[in-house]
Amino acid sequence: MFGDLFEEDYSSVSNNHYGKGKKLKTKALEPPAPREFTNLSGIRNQGGTCYLNSLLQTLHFTPEFREALFSLGPEELGSLEDKDKPDAKVRIIPLQLQRLFAQLLLLDQEAASTADLTDSFGWTSDEEMRQHDVQELNRILFSALETSLVGTSGHDLINRLYHGTIVNQIVCKECKNVSEKQEDFLDLTVAVKNVSGLEDALWNMYVEEEVFDCDNLYRCGHCDRLVKAAKSAKLRKLPPFLTISLLRFNFDFVKCERYKETSCYTFPLRINLKPFCEQSELDDLEYMYDLFSVIIHKGGCYGGHYHVYIKDVDHLGNWQFQEDKSKPDVNLEDIQNKEEIDDPLMILKAILLQEESNLIPVDQLGQKLLKKIGISWNKKYRKQYGPLRKFLQLHSQIFLLSSDESTVRLLKDSSVQAESDIQRNDQQLFKTLTSESSRLNDRPSCPHWFDINDSRVQPIKEKDIEQQFQGKESAYMLFYRKSQLQRPPEARANPRYKVPCHLLSEMDAANIELQIKRAECDSTNNTVELHLHLGPYYQFLNGALHPVVSQTESMWDLTFDKRKTLGDLRQSIFQLLEFWEGDMVLSVAKFVPAGLHVCQTLNGDDLTLCEIEITDGEDIFVWNGVEVGGIQIPTGSDCEPLLLNVLHVATSSEGEECQQFIESPHVFPSNAEIGTVFTALAVPEGVILINNTESRDEENWTTIPKEDLKKTFREQGLRNGSSVLIQGSHDGNSLLTKQGKWINTVNEINWLQVKNLSQLESEEEQVKISATLNTVVFDIRIKAIKEFKLLKELAENSCLRPIDKNGKLLCPVPDSYTLKEAGLKMGSSLGLCPGKAPTSSQLFLFFALGSDVHPGTEMEITVEETVSVRTCLKIMLDKCGLTGDTWHLRKMNWCFEAGEPLCEEDAKLNELMICSGDTLLLIEGKLPPLGFLTVPIWWYQPRGPLHHWKDHQDQTNCTLSQGGVWKASSTPGAPSDAHAEVSLWYLGDLEISEDATLGELKSQSVLIWHVLYAMFSGHDLALLGVFHPIPSLPPSLDGGK
Ligand SMILES: [Zn+2]
């Protein structure tokens, strides 16, 4: 049954630990953290349960309650083990509470869980818990407990400890008859609004009388008439534990909203309730109550957080830390608080407390004050409090002036005096006195206070309680215990006191289990796995170490506790390697692309692996520290080997004609001079170019100036995988051309560059695919897809398109072609693009709108080669989102201009010799029917311009059309009216049969002139329909003069 409890605990605690360590290697969940130095256990917040936790801690730190609960044995409560048995009477709530208290007392964990307890209340969701207010919860908890204890010896547990009574009395002024009503309470609710503190509130409730007078008379049953009377309430029976709820939350009826009363509300550490009680004949001590718990609410009225200040009555916690911390200068610390600087009483007392026998000459007191707060009494306080001496006199219950008034002394028993003399009008003074007295009497035997905030438990000073008098974070519930309740000496600092045996053994077992788990976890967290590389199994080759045998033989794994020393590790390795002779040096090694590299040698045999920062998975080279296989091994990160790609041109024996471009890996120490490349490749001299990028484009290559050849590879920023290009001085032409194709003197290259253009968003990658002129395009494509690690599906729906020197993607090459058939040159660039390549019966065409084509903006289309011009036009218009029949197609000619129109709309594309890769232009304007010509007609007019034409045009607001027909038919040197007096006037386009005679053309033209003339003369315009189309007018008719 205990196992369940822990499983829960582990899961929530271990989450907090994840992410702290570098590596998550915990196989088992981490056990909960042990208690902190306070040696007190908090309670985990289960989501909005902070108030429950505060209340439970208060009950827990009410030893009388705790012990009364513990006194109920299994014979009365049953046992949790039987809770699922139908006939067993198991009182789950008290049992769960017992166990929680036992855990809080004895289980070595930072925080306990209340999950089982809340389950016993039947609260299964956070929501149900959040519905309750802490004051409400107190009653619910008590009521639930009371109900579950019916029929046991604990049936009156709550009553015994918390029940009190109030008596309300009305006294008739006439017959003196007393009419009374008694009320029970488990807690007292007191007002906060317009009240300065607890005593003030109690005074209002239990001392002040309400008088029935004048208009508001009381009907006395005895006199049987309306009479004057006095109403009062008194505390009749005081419980051993007095719970007080502060009405911090109020309703603002003007604003119609809840608000939190944050005004100052004081409450004493010890209160004398005698003035508020009905009977006052008992000894004063019977009425004394000590504060032992303060539940604090932090936040506004619609949420917030609860925590609790608790007095550790039984000295269960460790408060040592706080004492040490507070010793140096508690008083100086006090006056850091601005409020306290404003209170001269505080300051003066603080100064006096530091003096021997708390005595000081009054003159010196003034000086010390100036020193402490940086301002004199006269400047700071005189205006408000009068002269210093006068102030001391006025507070004679605190300060004792000598008879000649030269010295002042702090009265140690001043507080006792004050306590027995509750001064309602001097609350502030009372507050300071009580807190001061507690400090004065702060002997180690005094119970200490702790702030318990869910899982966290921290020691606090008693005077910290004062900070909860007011503000957003302020006291919400107060718990007092009768001062006369004495704790037995054997309970002191004894968490096992009165805990029933079965819970003691349960906790002991659980603690052992926790210890084991922590130890296991600790060792798991502290082991590192080391990879030992044994020197004798390695050889130094090409600038780095390589195993001469298989890796399983050359590398040994060793699991080691990192809290052990390097000496321990060496010893263990010696034992592991029985064959080892001579010195053993352990060095941290590192795998680099060139091989294994020895970084630094480990020194300091008495240092732990932790201290020398050995991490999990570290590679350790085990050797003699000097050589491997007779070769001295360079060590250190300076000379870390770099694996570079060296490119150079080698001329074969057949001379210039058969130069060969060679690319080969070479390893160089990072601290070697870059010039050593020449030596390594046996090139006498030349130019070195470097490229630190993946791309081989020209702009990424930088030439190293001659003076920089002495710089190291590292200084030049070369990394593993960087490329170095060597150009011997006699290599002739540059290997880099201006177009970015960086090779031209090389006759035989054996690769193609493929760029990944299949994904729009991804970064552009490129790979080199080796090939010959006989390689099939399909193979190149599949290799590229593999190299790019792209999805296999792409093989079905992608194509390769050559990239021209402008970066333009050309028409896709069919998969079945060899590179030679596709006309691809070695070394050229291809783009891997989405979409299938056209089949042998399809055409891949570019097209654009208008004749003004910007390269790269063309659209693309794949059509069957047998489609008609008409269909092709329709498809292209659709793609552009255009409609209508006033369009035609022209083929773009080799100088990027619109060529002849494709007149035969029914002709098939292949019949018109349209090929893949051609660009067609969509031009506005309908073509004349087959066999007709469109002829622009101009009127030659030797005299001045026809001004009225323009006038007319303005009148009709005719739009000047700049249609494609006009523009396309205009050629350089077109007739222009700009030439002096001779003018040509454009009349319009005339559509005429190819077979028409010149005479027919002439008569048609004259007709147009007549029609236009008629327009100006105001004649019938019906004739306009004769020719077709309606004339399109040139942009400017009179030369724009
Ligand atoms: Zn009466």
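Predicted model: local features only at pLDDT ≥ 70, side-chain atom pairs only at ≥ 80, totals over all residues.
1. Strands S16, S18 and S17 make up an open sheet, in the order S16-S18-S17, with antiparallel pairing. S16, covering 359–361, and S17, covering 399–401, are the edge strands, and each of them pairs on one side only. Between neighbouring strands of this sheet the average turn is 25°, with direction ignored.

2. Pairing of S16 with S18. S18 spans residues 407–410 and runs antiparallel to S16, to which three bridges join it. Within this part of the sheet, Pro361 has Thr407 of S18 standing opposite.

3. The helix on this sheet. Helix H15, residues 362–373, lies across S16, S17 and S18. The direction of H15 is at about 95° to that of S16.

4. The pair H2 and H5. Helix H2 is formed by residues 50–60 and helix H5 by residues 92–106. Their axes come within 11 Å and cross at roughly 80°. Crossing angles of 65 to 115 degrees count as roughly perpendicular, and H2 and H5 are therefore roughly perpendicular to each other.

5. Residues in the H2 and H5 contact. From H2 the contact draws on Leu56, Gln57, Leu59 and His60. H5 contributes Leu97, Leu100, Phe101, Leu104 and Leu105. By class, seven of the residues in the contact of H2 with H5 are nonpolar and two are polar, with no charged residue.

6. Burial of S15. Strand S15 runs over residues 305–311, and six of its seven residues are buried, so the strand is largely enclosed by the rest of the structure. Buried here stands for under 20% relative accessible area.

7. S15 and S14. Strand S14, residues 288–298, pairs with S15 in the antiparallel sense, over six bridges. One of the residues involved is Ile295, whose bridge partner in S15 is Val308. S14 and S15 form a hairpin, and six residues lie between the two strands. In the turn, Gly299 has a positive phi of about 125°.

8. S15 and S19. S15 also pairs with strand S19, residues 449–453, again in the antiparallel sense and over four bridges. Here Ile310 stands opposite Phe450 of S19.

Technical notes. Residues numbered from 1 in each chain as written. Heavy atoms only, no water. Pairing = 2+ DSSP bridges. Axes fitted to C-alpha atoms, helices over the stretch in contact; angles between N-to-C directions. Contact = heavy atoms within 4.5 Å. Parallel < 35°, antiparallel > 145°, perpendicular 65-115°, else oblique. Nonpolar A, V, L, I, M, F, W, Y, C, P; charged D, E, K, R; others polar. Buried < 20%, exposed > 50% of the residue type's maximum accessible area, 1.4 Å probe, protein only.
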